[in-house]
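Subject: Structure handover

Hello,

Here is the structure for your files. My notes on it follow below; please read them with the model open.

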Amino acid sequence: MPTNKLKNQLHLHFIVFIWGFTAILGALISIDAIPLVWFRVFMASAALFIFQKVRGIPFNEGWGDLFKFLLGGILVALHWVTFFHAIKISTISTTLITLSSSAFFVVIIKPFFERKKIEVYELILAVLTILGFVIIFRSEQLYTEGILVALASAVLVALFSVYNSKLITNYSGSKIAFYELFFAGVFLTVVLFFKNGFSADFFILTGSDWMYLTILAVLCTAYPFVVATNLLKKMSPFTIVLTNNLEPVYGILLALVLFGDKERLSAPFYIGGLIIFSSVLINGIVKSTKFKGRLKSEDR
């Protein structure tokens, strides 16, 4: 059992490291957020379709199942569009630091799904998180709009994580990933249609954009999406979202190396980010301690 837990933790950290490249690729790809996500989800769902066909996995879901996947797909689409849009209008660092607040939104949202009360210490840590954001807002007023968009993205990824933790009890990770990515593409197709976003130029991309999109869709989307969804069978959404908070660390370090001065921000920004990250870490430690305490009491 400990070996399996360690294996799961290492697998999770590996895909979080891969996700660290996502923001970098989003900055390197020249197209806007909605077309970027449109290409990403359809390319990733195509890869997953081939994967499931090769493995002989049937596609026989009913209308009720498809509706559930549609809701998940809309959450995926909105999360990724806001995420990449935040990067386009601010910086990788501000977007990733703000996104690290998603673990607290899980804490706030999950009780509504499980009918549990929010604990006092969680509210105290939430106040610390707000303090961190106040410091960031005051120090980086140039990127206020980007921070607000990234904050919306954090709420959406929290909703998405809790929602999928319910779906995974009845469906495989690859099945959820395929349908949600496909329906994310369908949803964005409707959005683009009403925005008159489709034209001949829409499909004309540079060679580097196609290369980055392929890496983004297959290596940074299809593969980790299936792994992360399957891990929800073995870990809580809070644990997964908490570990995801290492993504800003990887992403910011990569951004500093690749983009240099553009990603160097003021000292108060990093202080605010440290407060947010520390409050999330403290929350995880407290939850882990309480969980171990319950296990010991049950053993008695």
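Isoleucine 130 lies in helix H6 (residues 120-139); helices (H or I, at least four residues) and strands (E, at least two) are DSSP runs, numbered from the N terminus. With a relative accessible area of 53%, isoleucine 130 is exposed. Buried means under 20% relative accessible area, exposed over 50%, and partly exposed in between, with a 1.4 Å probe and protein chains only. The C-alpha atoms of isoleucine 130 and serine 101 are 9.5 Å apart, and the two residues are separated by 29 residues along the chain.

This is a predicted model, in which local features need pLDDT of at least 70 and side-chain atom pairs count only at pLDDT 80 or more, while totals for chains, interfaces and linings use all residues. Residues are numbered from 1 along each chain as its sequence is written, and side-chain values use heavy atoms, with hydrogens and water left out.

Overall fold

The protein chain has 12 helices and 0 strands. Of its 300 residues, 48% count as buried. Contact means heavy atoms within 4.5 Å. Among contacts between residues at least 6 apart in sequence, 88% join residues at least 24 apart.

Salt bridge

How many salt bridges does a search of the whole structure find? The search finds 1, where a salt bridge is a side-chain nitrogen of Lys or Arg within 4 Å of a carboxyl oxygen of Asp or Glu. It joins the side chains of glutamate 61 and lysine 175, at 2.7 Å from N to O. Glutamate 61 is in the loop between helix H2 (33-54) and helix H3 (63-89) and lysine 175 is in helix H8 (residues 173-194), so the pair ties together parts that are 114 residues apart in sequence. Glutamate 61 counts as buried at 18% relative accessibility, and lysine 175 is buried as well, with a relative accessible area of 7%.

Helix packing

Axes are lines fitted to C-alpha atoms, for helices over the stretch in contact, and angles run from 0 to 180 degrees between N-to-C directions. The axes of H3 and helix H7 (residues 144-167) come within 8 Å and cross at roughly 155 degrees. That makes H3 roughly antiparallel to H7; angles under 35 degrees count as roughly parallel, over 145 as roughly antiparallel, 65 to 115 as roughly perpendicular and the rest as oblique. The residues of the contact of H3 with H7 divide into 16 nonpolar, 6 polar and 2 charged. Here Ala, Val, Leu, Ile, Met, Phe, Trp, Tyr, Cys and Pro count as nonpolar, Asp, Glu, Lys and Arg as charged, and the others, Gly among them, as polar.

For H3 and helix H4 (residues 92-99), the axes come within 8 Å and cross at roughly 140 degrees. H3 and H4 are therefore oblique to each other. H3 contributes His79, Phe83, Ala86 and Ile87 to the contact, and H4 contributes Ile92, Thr95, Leu96 and Leu99. By class, this contact of H3 with H4 has 6 nonpolar, 2 polar and no charged residues.

Two asparagines

Asparagine 164 sits in helix H7 and counts as buried at 2% relative accessibility. Leaving aside neighbours within four places in sequence, asparagine 164 is in contact with Ile176, Glu180, Phe225, Thr229 and Leu232.

Asparagine 196 lies in the loop between H8 and helix H9 (207-231). It is exposed, with a relative accessible area of 68%. Asparagine 196 is not a glycine, yet has a positive phi of about 55 degrees. Most residues other than glycine have a negative phi.

Regards
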